Amino acid sequence: MDRDEDKELKSIGLELMFMTPEKCSSDKGITAVELAKLVELPLETVKKKLSILKDKGIVRVFGINPKYWKFDEYQFQRMDEDDEVYLLLCSFDDVDFDKYFSY
């Protein structure tokens, strides 16, 4: 996977990484539908990218219907630093942090 290529995965990963409780309707996390609206991507795309992040172990899923997604900071810190997803989420050159934080 080319690091520059998967902007959708990066967008979803960073949104989850910087997720605040105020952005979620539940303290368990955020639903794929809510996340799709936040990142302005089709639901199917969001679900595919969440599956990649879940396979990497850096997002956890709670519940069945609906599923709530939450970033796992602990597992992220333990990732191999050469992992393509880790590198993607750590490359902040083109990231507008104001989008995630309101001062």
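Guide: First, a convention: helices (H or I, at least four residues) and strands (E, at least two) are DSSP runs, numbered from the N terminus. By that scheme, F18 is found in the loop between α1 and α2.

Visitor: And what kind of model is this?

Guide: A predicted one, in which local features need pLDDT of at least 70, side-chain atom pairs count only at pLDDT 80 or more, and totals for chains, interfaces and linings use all residues. Residues are numbered from 1 along each chain as its sequence is written, and side-chain values use heavy atoms, with hydrogens and water left out.

Visitor: Back to F18. Buried or exposed?

Guide: F18 is buried, at 17% relative accessible area. The cut-offs: buried is under 20%, exposed is over 50%, partly exposed is in between (1.4 Å probe, protein chains only).

Visitor: What does F18 touch?

Guide: Leaving out residues up to four places away in sequence, F18 touches K23, F97, Y100 and F101. Contact means heavy atoms within 4.5 Å.

Visitor: How many aromatic pairs does the structure hold?

Guide: Four. Rings of Phe, Tyr and Trp (its six-membered ring) pair if their centres lie within 6.5 Å; planes under 30 degrees apart are stacked, over 60 edge-to-face, and the rest tilted. The F18 and F97 rings sit 5.7 Å apart at their centres with planes at 90 degrees, so that pair is edge-to-face.

Visitor: Which parts of the chain does that pair link?

Guide: Distant ones: F18 is in the loop between α1 and α2, F97 in the segment after α5 (84-90), 79 residues apart. D96 gives another distance: F18 and D96 are 78 residues apart in sequence and 12 Å apart in space, C-alpha to C-alpha.

Visitor: What is the relative accessibility of F97?

Guide: F97 has 27%, which counts as partly exposed. F97 also pairs with F92, edge-to-face, at 5.3 Å centre to centre and 65 degrees between the planes. F92 is partly exposed too, with a relative accessible area of 34%.

Visitor: New topic. Why is α1 called largely enclosed?

Guide: Because nine of its eleven residues are buried. They are L9, K10, S11, I12, G13, L14, E15, L16 and M17.

Visitor: What covers them?

Guide: The cover includes α2, α3 (43-55), β1 (59-62), β2 (68-71), α4 (73-77) and α5.

Visitor: Take α2. At what angle do α1 and α2 pack?

Guide: About 110 degrees, with the axes of α1 (residues 7-17) and α2 (residues 32-39) 10 Å apart. Axes are lines fitted to C-alpha atoms, for helices over the stretch in contact, and angles run from 0 to 180 degrees between N-to-C directions. That makes α1 and α2 roughly perpendicular. Under 35 degrees is roughly parallel, over 145 roughly antiparallel, 65 to 115 roughly perpendicular, and the rest oblique.

Visitor: Is that crossing left-handed or right-handed?

Guide: The crossing of α1 and α2 is right-handed. A crossing is left-handed if the near helix is turned anticlockwise from the far one by less than a right angle, right-handed if clockwise.

Visitor: Which residues make the contact?

Guide: S11, I12, E15 and L16 come from α1, and L35, L38 and V39 from α2. By class, five are nonpolar, one polar and one charged. Ala, Val, Leu, Ile, Met, Phe, Trp, Tyr, Cys and Pro count as nonpolar; Asp, Glu, Lys and Arg as charged; the others, Gly among them, as polar.

Visitor: And α1 against α3, what angle?

Guide: About 70 degrees, with axes 9 Å apart. That makes α1 roughly perpendicular to α3. Here the contact uses E8, L9, I12, G13 and L16 of α1, and T45, V46, K49, L50, I52 and L53 of α3. The crossing of α1 and α3 is right-handed.
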